[in-house]
Amino acid sequence: MTVSVPLVAVLGVAVWLAWRYMGLRVWHAAVCLLCGFFLAATSAAPEIRRLVAVLVNALTGSQP
C-alpha cells in the first residue's frame, strides 16, 4: 500500500484531535498503541492490511 505514511499522519491527527477535544487520556492512547502492535503480530494482520488497502482504494478511487 503506497499511502502508508499519509495514512499514519491522518491517524495521528485523529488521535491528537481526540486527545484535545474528546478527552482522550494518555493511557487510552497507550493501550490503543499496544493493541495495534500486538494485533500486528497475529495471523489477522494480513487481512487487516488488505481491508485497509481496499478501503483506502475505495475512498481515493485508485486501483491497486
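Which residue takes a positive phi just after helix 3? Select glycine 61: its phi is about 75°. Helices here are DSSP runs of H or I with at least four residues, numbered from the N terminus.

This is a predicted model, where local features need pLDDT of at least 70, side-chain atom pairs count only at pLDDT 80 or more, and totals for chains, interfaces and linings use all residues. Residues are numbered from 1 along each chain as its sequence is written, and side-chain values use heavy atoms, with hydrogens and water left out.

**Helix 3**

Step back to residues 45-60. Helix 3 has 16 residues. From first C-alpha to last it reaches 22 Å, close to the 22 Å expected at 1.5 Å a residue (1.5 Å times one less than the number of residues).

Now select Ala45, Ala53 and Val56, which are buried in helix 3 (under 20% relative accessible area; exposed is over 50%, partly exposed in between; 1.4 Å probe, protein chains only). They cover an arc of only 75° around the axis, so they sit on the same side of helix 3. The arc is taken from the directions from the helix axis to the C-beta atoms.

Turn to the other side of helix 3. Leu51, Val54 and Ala58 are exposed there.

**The aromatic pair**

Next, find the structure's one aromatic pair. Tryptophan 16 and tyrosine 21 have ring centres 6.4 Å apart and planes at 90°, so the pair is edge-to-face. Rings of Phe, Tyr and Trp (its six-membered ring) pair with centres within 6.5 Å; planes under 30 degrees apart are stacked, over 60 edge-to-face, the rest tilted.

Colour by accessibility. Tryptophan 16 is partly exposed at 42% relative accessible area; tyrosine 21 is exposed at 60%.

How values were computed: Helices (H or I, at least four residues) and strands (E, at least two) are DSSP runs, numbered from the N terminus.
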